[in-house]
Amino acid sequence: MEKVKRMKVKDLLKSAPGQEVLAKGWVRTKRGNKNVSFIALNDGSTINSIQIVVDTASFDENVLKKITTGACICVSGILTESLGSGQKVEIQAKEISVYGEADPASYPLQKKGHTLEFLRTIAHLRPRTNTFGAVLRIRHAMAFAIHKYFNDKGFVYLHTPLITGSDCEGAGEMFQVTTLDLNNVPHTPEGNIDYSQDFFGKQTSLTVSGQLEGELGAMALGEIYTFGPTFRAENSNTPRHLAEFWMIEPEMAFYEIEDNMELAEDFIKYLVRYALENCGEDLKFLNDMFDKELISRLESVVNTEFVRLTYTEGIRILEESGEKFEFPVSWGVDLQSEHERYLVEKHFGKPVIMTDYPKEIKAFYMKQNDDGKTVRGMDVLFPKIGEIIGGSERESSLEKLEARINELGMKRDTLEWYLDTRRFGSAPHSGFGLGFERLLLFVTGMANIRDVIPFPRTPKNAEY
Ligand code: 4AD
Ligand code: MG
């Protein structure tokens, strides 16, 4: 007989009954009686498992005993129409071999539902649950859609460095990169740390953003995007902050802030629409299990025009709201997520793009408005999340940019290369950064950012 090729469960479930098939995967559950066993087999290709029907009399008892939740098996048999409800086809097993057993006494993912908190403590095994299978497949689909979106628009994927000598956001939240012996750090005669003896001959860190290098790309290639990991040593233990997260940063020559806002809105809607059209089964699972309004919320974002609102106007609305906030609001304060969510969820009931922030609460590179007080920053604020995108039109005047750098007392010598974009052939340009995990929080409906990345890094936690 010709050897049958292994099929994925996803394809098996769509195949016509009557054929000889081969399936491989992990046992989710096994139930039945003395005569017949039903095994739910999942291989990660879909949220659905395929049912394996085992006539126990035709199998070695010792093999059947090894088939427990979590074990990995290989099954050959006949795909048959299923009489049970819930599935169209099942496999009548002819041969089963066990690749790897999973001792029921110690395998932590037994049948019963587990809390997300517990699953975080076994992040190395949680991809085997329905929930994380769904989340990780959606994460993949979104990564693919991001590349497709920009590729279709003619943007160039630019790889910006992860190790850098500059602090893009100027917030001092950098993880240092060094090979100096921390027990015996060399010093200069003046008593400072002698970074000339360090690996790169200077002080370096993990990047907080690829934007500054992205701007170099945009001022040559026109439209670029980055999509990579970024690192922030901010000690924020919240459901929305990671120390290592992925960011998508498009940067476009000749875009003013209005063009930037339009792109941001179109981009997010494209991604949400892509998820609705391509991740239906996984979204339905998450919708039914965790968040009954997930799919309707996703649909509503696709069909809603985002509100455009200045910071000044937003502060006025918050001040007049009569709402009691944990952090009081007045013109000049940085908005907290409670403020952002009030505007989005209670006041407007739709996503908001807020612009023209006080320069004091935004980064040095943002285009300065004529009022001398505000800059052309823009944040996209989302229901349940708060800030999902941060961006701006960039200051394209060398003079104004230098003045701001000096005003802030920034280390100018680490930025000379950046200033060259304004020295030679400067142009209006804009860009933004979408936090990949914040997007995934929205799309999956998960409540904690630790549950949308396979191996989260947060303060005091860098397991695996
Ligand atoms: O607003 P941020 O700090 O902007 C920048 O880094 C700009 N350089 C982007 C640009 O204009 N090219 O960060 C951008 C986005 C935020 O809106 C948020 O979605 C996400 O990155 N983000 C985080 N996500 C998870 N954990 C954190 N600690 C995050 N900090 C920012
Ligand atoms: Mg921001």
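Let's start with helix 8, residues 294-302, and helix 13: their axes come within 8 Å and cross at roughly 120°. Please keep in mind that this is a predicted model. Who actually touches whom here? On the helix 8 side we have Leu294, Arg297, Leu298 and Val301, and they meet Phe442, Val443 and Thr444 of helix 13. Sorted by class, that contact has five nonpolar residues, one polar and one charged.

A quick word on how we talk about such pairs. Two packed helices are described by the angle between their axes and by the distance between those axes.

Now stay with helix 13 and bring in helix 4. The axes of helix 4 and helix 13 come within 11 Å, and they cross at roughly 120°. That makes helix 4 oblique to helix 13. The crossing is right-handed.

Helix 4, residues 130-152, has another partner: helix 6, residues 257-278. Their axes come within 10 Å and cross at roughly 135°, and these two helices are therefore oblique to each other. Helix 4 passes helix 6 in a right-handed crossing. From helix 4, the residues in contact are Ala141, Met142, Phe144, Ala145, Ile146, Lys148, Tyr149 and Phe150. From helix 6, they are Leu263, Asp266, Phe267, Tyr270, Leu271, Tyr274 and Ala275. This contact has 13 nonpolar residues, two charged and no polar ones.

Let's move on to empty space. Rolling a probe the size of a water molecule over the atoms shows where such space is left.

The second largest pocket holds about 1200 Å³ of space. How many residues line the second largest pocket? There are 45, and Arg232, Glu234, His241, Glu387 and Arg438 lie nearest its centre. Helix 13 turns up again, as one of the elements that each supply at least two lining residues. The others are strand 11, helix 10, strand 15 and strand 16. Strand 15 gives the most, with six residues. By class, the lining has 17 nonpolar, eleven polar and 17 charged residues.

How values were computed:
Residues numbered from 1 in each chain as written. Chains lettered and ligands numbered in written order. Predicted model: local features only at pLDDT ≥ 70, side-chain atom pairs only at ≥ 80, totals over all residues. Heavy atoms only, no water. 1 Å grid on protein atoms, 1.4 Å probe; cavity = no way out; pocket = protein on both sides within 12 Å on 5 of 7 lines; lining within 4 Å. Points joined across faces, edges and corners; volume = space filled by probe spheres on them. Helix = DSSP H or I, 4+ residues; strand = E, 2+ residues; numbered from the N terminus. Nonpolar A, V, L, I, M, F, W, Y, C, P; charged D, E, K, R; others polar. Axes fitted to C-alpha atoms, helices over the stretch in contact; angles between N-to-C directions. Parallel < 35°, antiparallel > 145°, perpendicular 65-115°, else oblique. Left-handed = near helix turned anticlockwise from the far one by under 90°. Contact = heavy atoms within 4.5 Å.
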